[in-house]
Each structure stands twice: as structure tokens, then as C-alpha cells.
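Subject: Structure handover

Hi,

Here is the structure I promised to pass on. Have a look at it first, and then read on for what turned up.

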Amino acid sequence: MLSKKTKYGLKALTFLAAQKGRTPVQISEIAKHENISQKFLESILLTLRKTGILGSKKGKGGGYYLIKDPKDIPMTTVMRVLEGPIAMVPCVSLNFYEKCEDCPDEDSCSVHKLMLQVRDSTLEVFRNNTLADLVP
């Protein structure tokens, strides 16, 4: 299930992507428009800034803005920043692989085989969509 952090992060990014130009938008405006707690949104936007998706400007006329064009922000990047690993189990993760403690042989594990398919299907969707695709 998608976390609220990711859901709200996607909404905030889509709101910023829909803005004309790359002028900074105040957190309060995003929070009000998307019906998100401002305090929670601050934490989400800070994470997105630290990972290079957003920039910020302090003072009058300040706020958050996209650093790149929305078409250059793949959903794989956004999802990994906000949600963490895309794979549902660590033994099929491309970036966060770990062997499952309870599994003696991944090659014969039915869960592993199924989760590989789920991971690949999910990655296909994320790889073929950018932030621009979410903007109405």
C-alpha cells in the first residue's frame, strides 16, 4: 500500500509541475491546495530537496520549485526517494537486495518467482512515466 508520505509527495510534485515557470511556491499554498498538513508537507518537501528533485528559496517570494523539467523526473526516482525500494521483498530488489533468512534457495522459491514478476511490472510502469505524465 502506498504511504501517505508518497501520496502527498506525488500530489505536491504534481502541483509544482503544473505551475507556469519555475517560480517558488510557498508550502502553505501547496498544503492548502492539496489538503495536506503543512507540518507533514514540510518534511516531505525537505526530503525531496535533499535528494535534488526540488530547490528552495528563503525569504520574500520564497518557497519550493522543481529543479528539472517534469519530463526529466522519472517516477522510479520519485518512488525510491519517497517510498524506498520498489520491490515488495528484499530478495528481488535491484538496489536494496538482501537474501531472505527463511529461504534456502531463491531459484526454487515460489514467492521469489512471483515477486520478480510484480517488481518487473511495477518498474515498467514507473520507468514509462515521468512527473509530466501526472500533470492534468
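What pattern does the protein chain follow when read along the sequence? The answer is α-α-α-β-β-α-α, with five helices and two strands in total. Please keep in mind that this is a predicted model.

A few overall figures to start with. The C-alpha trace spans about 60 × 25 × 25 Å along its principal axes. The chain has 136 residues, and 38% of them count as buried. If you take the contacts with a separation of 6 or more, 60% of them come from residues 24 or more positions apart.

Now the salt bridges. How many does the structure hold? It holds two, and they go like this:

- D72 pairs with K71, and the closest N and O atoms are 3.8 Å apart. D72 is partly exposed, at a relative accessible area of 41%, while K71 is exposed, at 52%.
- D120 pairs with R119, with 2.7 Å between the closest N and O atoms. D120 is partly exposed, again with a relative accessible area of 41%, whereas R119 counts as buried at 12% relative accessibility.

That buried label for R119 follows from the cut-off: buried means under 20% relative accessible area, and R119 has 12%. Likewise, K71 is called exposed because its 52% is over the 50% limit.

R119 is worth a paragraph to itself. You will find R119 in helix 5, which covers residues 110–127. Besides the salt bridge to D120, the side chain of R119 reaches the backbone oxygen of V92 at 2.5 Å. Leaving out residues up to four places away in sequence, R119 touches A87, V92 and L94. Two of those partners, A87 and L94, turn up again in the next item, together with R119.

That item is a cavity. Searching the whole structure for cavities of 30 Å³ or more gives one, and the largest cavity holds about 40 Å³ of space. Which residues line the largest cavity? They are R80, P85, I86, A87, S93, L94, N95, F96, R119 and L123. By class, this lining divides into six nonpolar, two polar and two charged residues. R80 and R119 are both on the list, and Arg counts as charged.

Then there is the largest pocket, with a volume of about 160 Å³. Its lining is made up of M1, L2, M79, E83, G84, P85, I86, M88, V118, T122 and F126. The elements giving two or more residues to this lining are helix 4 (75–83) and helix 5. Which element gives the most to the lining of the largest pocket? Helix 5 does, with three residues. Eight residues of the pocket lining are nonpolar, two are polar and one is charged.

If you put the two lists side by side, P85 and I86 line the largest pocket and also line the largest cavity.

Cheers

Definitions and conventions: Residues are numbered from 1 along each chain as its sequence is written. This is a predicted model: local features need pLDDT of at least 70, side-chain atom pairs count only at pLDDT 80 or more; totals for chains, interfaces and linings use all residues. Side-chain values use heavy atoms; hydrogens and water are left out. A salt bridge is a side-chain nitrogen of Lys or Arg within 4 Å of a carboxyl oxygen of Asp or Glu. Buried means under 20% relative accessible area, exposed over 50%, partly exposed in between (1.4 Å probe, protein chains only). Helices (H or I, at least four residues) and strands (E, at least two) are DSSP runs, numbered from the N terminus. A polar contact is a pair of N or O atoms within 3.5 Å; within protein, one must be able to donate a hydrogen and the other to accept it, and residues adjacent in sequence count only if both atoms are side-chain atoms. Contact means heavy atoms within 4.5 Å. On a 1 Å grid over the protein atoms alone, a cavity is a set of points where a 1.4 Å probe fits but cannot get out, and a pocket is an open set with protein on both sides within 12 Å along at least five of seven lines; lining residues have an atom within 4 Å of a point. Grid points are joined across faces, edges and corners, and a volume is the space filled by probe spheres set on the points.
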